[in-house]
Amino acid sequence: MRRLGTQTLRSFVIRQRQRLRESEIAFILLALAAGLAAGSVTNLLGYAAHAMQRLFYGLSSNRLSALGEIHHPWRLLALPLGGLGLVMFNRLLRKRQRAPIDVVEANALHSGRIPFLDNLVISAQTLISNGAGASVGLEAAYAQMGGGIASQLGKWFKLRRADMRTLVGAGAGAAVGAAFGAPLAGAFYAFEIVIGAYTPASVAPVVAAALGAAFVTRLLGIEPYLIASSADRVLGVGDYALYIVLGLICALVGIGLMRLVTFAEGQAQRMKRLVRWKPVVGGLLLMPLAMISPQTLSSGHGAMHLNLALPPALHVLLIVLVLKIAASAISISFGFRGGLFFASLFLGSLVGLIYATGLAMLPFGVALDLNDAALVGMSALAVTVVGGPMTLAMLMLETTHDFALMGVVLAASLVSGTFTRETFGYSFSTWRLHVRGSIIRSPRDIGWMLSLTAGRLMRKDWTSVSADASVQEFRNSIPLGSTAKAVLVDSQGHYAGVVATAKAYDPQLDPDTPVAALAVLTTNVLTPTTYIRATLKAFDLAAADELAVVDGVGRVVGVVTERHARRRYFEEIEASQRALFGES
């Protein structure tokens, strides 16, 4: 009976897997389930982080960054204690051979597959960091758990590559949407930040997941993230021009922030004796910043609402901006885990308030609404750091319910995003991966490119000749017309160049001439792990139609032709596009 029950369960699972691969409705329902789970986990993580902050800082109803001052400075010891907690947690992971895989990296390189332990590691690190008050947001944990749960569902049902990527994006976007109570922003977060493309086939599952997560937030009685905006305004061409300038300023601030994080991280790595204790050192460095202004603590939600309700003086805004940038750079570079999405919204609001306040002080009679400038600055700077102009436009729409502001928000965000791509080329998440040595520039699927290597493309039926042979010996072993080229190898099989057969049969050549004198491409080689784009670039640089593949000690293991490499490259692109758009 037990065996019969097991077989029945197995056949049921197989049928459901097949149904999910064939039925669009079934896949939408699976995405909805992922969204409901993502919304639940998001609210649980948010509650846990705020509970930690209430415990450490004695909060009542206020958010941490909205505190007017730290009445008991000893409470700031939570920062280095949180760093110590991270050190102890990381020691438990010291035997791991690789860094955890986040959702963007998973969708770009690993077909959406994320080991579930990686989700727990990233979420725990983020929870400890934010709960202790470090200047990082919880969105890294939200997106990781949302996408990670979706990845587990996809692996359980053995989804196809394209469906897996869509489901992971839907889960991550749903989690972010649940955090704001903004399902449209969550859906576009999935498209722009995690999936990297908007396709008709992915709309329904992504939106279903986002709505499911938002439903959980409402069901728990949590109010959506709302910001009051000006009711009456008339925006002219001059206003658009001023807000576009604000977008450019936000792009410069965002790029400067990302550069500063990288620079600070490099400096932190130089502290050889303290490298293991970086989070503790970072916590100690954050303490005086928090004493000057508690607005440097956590992601800055409370501080942003406080500044919008009661805009501070210009010099106060400038001080808070500098301190918050420094706190974010210290937190990230000294080992605290988290994202800069929420922090970038706060920084953008500060830049917008500073910009509008500064314009009002000029003698030209130019004035912008402080609240509007803050909202536009939020979007523009967040687009620079996070990417995704439509994500931020939808977030502003859902948090303000103000359609009239959408035009300038989009204009400033598009200018900010375009300027960042042209001058910098990365969002914060992909920049961090780039600094670690990854080739990811966006969440688009390039995993197939890394698996399409010279080792897979090479053929092994190449013709070799001893590098010590003479031209006559070459002619004796390689008849004219038998092969276009021969690879020269020394006595140990090491690569020594390529000789064209026709060149060796030149009647003007002395038969006793060493054939090595005719060799070309002596330094132009590939390795078995050279991925396809690097292979094609090598062909362009060498102006060759065939290159040898050598192993780690220089022995020839195969040959790749340019024609075959380019054909396989375009075949894979076409296959990827067919999978993306759901074509058969």
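Visitor: What do β5 and β6 form, and which residue in the turn has a positive phi?

Guide: β5 and β6 make a hairpin with 5 residues between them, and Gly554 in the turn has a positive phi of about 90 degrees. Please keep in mind that this is a predicted model, where local features need pLDDT of at least 70, side-chain atom pairs count only at pLDDT 80 or more, and totals for chains, interfaces and linings use all residues. Residues are numbered from 1 along each chain as its sequence is written, and side-chain values use heavy atoms, with hydrogens and water left out.

Visitor: What makes Glu546 and Arg459 a salt bridge?

Guide: The term asks for a side-chain nitrogen of Lys or Arg within 4 Å of a carboxyl oxygen of Asp or Glu. For Glu546 and Arg459 the closest N and O atoms are 2.9 Å apart, so the pair meets the definition. Glu546 lies in strand β5 and Arg459 in the loop between α20 (454-457) and β1 (464-466), so the bridge ties together parts that are 87 residues apart in sequence.

Visitor: How many salt bridges does the structure hold, and which network do shared partners make?

Guide: There are 5 salt bridges. In one of them, the side chains of Glu562 and Arg566 meet at 3.0 Å, N to O. Glu562 and Arg566 are 4 residues apart in helix α24 (residues 562-580), which means about one helical turn separates them. Arg566 is partly exposed at 25% relative accessibility. Salt bridges that share partners join Asp540, Glu562 and Arg566 into one network. Arg160 and Asp163 also meet in a salt bridge, at 3.2 Å, N to O. There, Arg160 is partly exposed at 38% and Asp163 is buried at 17%.

Visitor: What makes the phi of His401 worth a remark?

Guide: Most residues other than glycine have a negative phi, and most peptide bonds are trans. His401 has a positive phi of about 55 degrees although it is not a glycine. His401 sits in the loop between α16 (389-400) and α17 (406-423) and is exposed, at 58% relative accessible area. Lys158, also not a glycine, has a positive phi of about 50 degrees, and its place is the loop between α6 (139-156) and α7.

Visitor: Why is Thr501 called buried, and which residues does Thr501 touch?

Guide: Thr501, in helix α22 (residues 501-504), has a relative accessible area of 1%, so it is called buried. Contact means heavy atoms within 4.5 Å. Not counting residues up to four places away in sequence, Thr501 touches Phe474, Ile478, Pro479, Leu480, Thr483, Ala484 and Lys485.

Technical notes: Two strands pair if DSSP finds at least two bridges between them. Helices (H or I, at least four residues) and strands (E, at least two) are DSSP runs, numbered from the N terminus. Buried means under 20% relative accessible area, exposed over 50%, partly exposed in between (1.4 Å probe, protein chains only).
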